[in-house]
Structure formats: structure tokens, C-alpha cells
Amino acid sequence: MAKRQEQAAPDAVMTRIGQVVMLHHGGDREEARNRFLQLWAEIGEDGDPLHRCTLAHYMADTQDEPDDELAWDLRALSAAEELTDERLAEHDGALVVRAFYPSLHLNLAADYVKLGRSEAARVHLGRARGAAGTLGDDGYGEGVRAAIGRLEQRLAEEEPPGGVPEPGPLDGPGGETLGPPRRRP
């Protein structure tokens, strides 16, 4: 039985992260946040970069405060910078590290918008746009590119770069979220 479980879930930590993501998507944000924190304590600051990147990426979505969301998104980016294509191939042979960057930078741009820091948002939005060529022509890639476009539009409607932006709503004008869709682990 244990051998079958091992074959079904070669990376138990990624499986556990995926379970918490489903809990969060099911509406239990606080419990998801608590379980992510438990996993983070197990993984540690120096743990596997894939685990840290994935967990931090999703943990950001469970935060109540924009500052906390930014901190987790920065952890995700930092872990991605340590991640190698070889390690990622162990999890999913079709993924490459550079494909993470459009979403990670878009999340940071959205965080900075929430914090009223438009210039920092523009920097990360430019990085997201620059890395978007790595995205596939699938629903996920289209969703990230669409989110980049929505956030670009929102920033274009604000004062020009260098001006003092007005704080805006956390969501886009049509109620859509400003960040990218999340790919499940």
C-alpha cells in the first residue's frame, strides 16, 4: 500500500500543498493559512526551493493585509531564483523555471498597486510582460496575459509614472482580480 501511495505522490510536500490549495479554493482561507504556516515551518527558510516557491505563491493569497501578501510573494520570487530546471523537471518535466516569472512578477505588481506604490508596480509589470513569452498558448497562459493587460490598463488610467497615485480598489473595475490565475501544484 505504501508503495502505491509513493508512486501516486512522488513528492508528498507538493501533494500536501495542493491539498491546502483546494481547502483555500473551497473557501476556508483561515484554515488554509494555518496549514500553509505549518508546512512552511516544516520546509524551513532553506528548504527545497520548489516547495518554498509554490507554498509562498499560494500563501500570499490567504493573507488579509497587503503588506503580508507582498512579503509572501517576495519569498516566492526569491525561492524561484534558487530553483533549477532540473529540480522542476523532477516534479513536472514540461515546466521550466522561467515560466514562473510572469506570474510571480504580476503578483508583485498587483501587491504594489494595493499598497499605492505605482512605480514599483510598473517595474514588476514590465518584468511580467517581458517574461510572458515563456507562457504557453493554453488557458493558464492566456489568463496571465489577460491579467497583465488589465493591470497595465489600470496603471495607465492612474497618474503618469512618478506621480502620486490615488489608492484604488483591490479588484479590477469588473470585479476581476488583478493578479494572475493560479496554476495548481
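Mentor: Arg 29 forms a salt bridge with Asp 64, and their closest N and O atoms lie 3.9 Å apart; a salt bridge here is a side-chain nitrogen of Lys or Arg within 4 Å of a carboxyl oxygen of Asp or Glu. Because Arg 29 lies in helix H3 (residues 29–43) and Asp 64 in the loop between helix H4 (49–59) and helix H5 (66–82), the pair ties together parts that are 35 residues apart in sequence. Helices are DSSP runs of H or I with at least four residues, numbered from the N terminus. The model is predicted: local features need pLDDT of at least 70 and side-chain atom pairs count only at pLDDT 80 or more, while totals for chains, interfaces and linings use all residues. Residues are numbered from 1 along each chain as its sequence is written, and side-chain values use heavy atoms, with hydrogens and water left out.

Consider next how open the two partners are. Arg 29 is partly exposed at 34% relative accessibility, whereas Asp 64 is exposed at 52%. Buried means under 20% relative accessible area, exposed over 50%, and partly exposed in between (1.4 Å probe, protein chains only).

The side chains of Glu 69 and Lys 114 also meet in a salt bridge, at 2.9 Å from N to O. This pair links distant parts of the chain, since Glu 69 is in helix H5 and Lys 114 in helix H7 (residues 101–114), 45 residues apart. Glu 69 is buried at 11% relative accessibility, and Lys 114 is partly exposed at 25%.

A further salt bridge joins Arg 145 to Asp 137, with the closest N and O atoms 3.6 Å apart. Arg 145 is partly exposed at 23%, while Asp 137 is exposed at 73%. Salt bridges that share partners join Arg 29, Arg 33 and Asp 64 into one network. The count comes to 8 salt bridges.

Arg 33 also takes part in the contact of H3 with H4 (heavy atoms within 4.5 Å). The two helices pack at an angle of about 160 degrees, with their axes 10 Å apart; the axes are lines fitted to C-alpha atoms over the stretch in contact, and angles run from 0 to 180 degrees between N-to-C directions. H3 is therefore roughly antiparallel to H4, a term for angles over 145 degrees. Among the residues that meet are Phe 36 and Trp 40 in H3, and Leu 55 and Met 59 in H4.

Terms used. Parallel < 35°, antiparallel > 145°, perpendicular 65-115°, else oblique.
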